[in-house]
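Visitor: Please take one part of this model and go through it closely. I would like its surroundings described as well.

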Amino acid sequence: MRLYKNILKFISITFLIAPSVMLTSYGHAQAPVQFEHSALVIEARSGVHQFNIELAETPEQRARGLMFREEMAPDAGMLFLETRDRVQTMWMANTALPLDMLFIAADGTIVRIAENTVPFSREIISSRTRVRAVLELNAGTVRRLAISTGDRVIHDSLRGYTR
């Protein structure tokens, strides 16, 4: 009988505590993450295009990215920066905005583009080769501005590029 009462007590406490733990965890998932803003230019065959971007440089910033956002200005984006070249993998979990992803070498060359990624998808989107950065723009930007692989991204963090 005593064991039965202890089990009931445990179950009661679990049902009282679990919702608050889940809410706290969810709240942390949406806690504000600060991003530095910067200017970025894409030199495409179609012309020069300027963007106001946010920089995702820390592990916390890269993990958050554009999750939980519902809109982004047409000339905005987010640049995910690594300290060394590596195969980059991205996904769209908790991301409501469809995006174009540009995978960028250390010298600023766009080496791969994934257009119109699917919101909330957990499908892995890979650079397929070693890159230094990933630029996320609103879906349709690549097509609208005729940006293609081989074009150049100009930003202070991509120091390998020389004019």
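**A strand and its aspartate**

Guide: D100 is found in strand 4. The model is a predicted one. Strand 4 covers residues 99–104 and is mostly covered, with six of its six residues buried. In a regular strand, side chains alternate between the two faces of the sheet. Here L99, M101 and F103 point one way from strand 4, while D100, L102 and I104 point the other way, and all are buried.

Strand 4 has pairing partners in strand 5 and strand 6. With strand 6 (residues 125–138) it runs antiparallel, joined by six bridges; within strand 6, L137 is the bridge partner of D100. With strand 5 (residues 110–114) strand 4 also runs antiparallel, and four bridges join these two. M101 stands opposite A114 of strand 5. The hairpin made by strand 4 and strand 5 has five residues between the strands, and in this hairpin G108 takes a positive phi near 95°.

Back to the aspartate. D100 is buried yet has no salt bridge. The nearest side chain of opposite charge belongs to R143, 7.6 Å away, whereas a salt bridge requires the charged atoms to be within 4 Å. What the side chain of D100 does reach is the backbone nitrogen of V142, at 2.9 Å.

Leaving aside residues up to four places away in sequence, D100 touches A114, E115 and N116, then L135, E136, L137, N138, A139, G140, T141 and V142.

Technical notes:
Residues are numbered from 1 along each chain as its sequence is written. This is a predicted model: local features need pLDDT of at least 70, side-chain atom pairs count only at pLDDT 80 or more; totals for chains, interfaces and linings use all residues. Side-chain values use heavy atoms; hydrogens and water are left out. Buried means under 20% relative accessible area, exposed over 50%, partly exposed in between (1.4 Å probe, protein chains only). Two strands pair if DSSP finds at least two bridges between them. Lys and Arg count as positive and Asp and Glu as negative; His and the chain ends are not counted. A polar contact is a pair of N or O atoms within 3.5 Å; within protein, one must be able to donate a hydrogen and the other to accept it, and residues adjacent in sequence count only if both atoms are side-chain atoms. Contact means heavy atoms within 4.5 Å.
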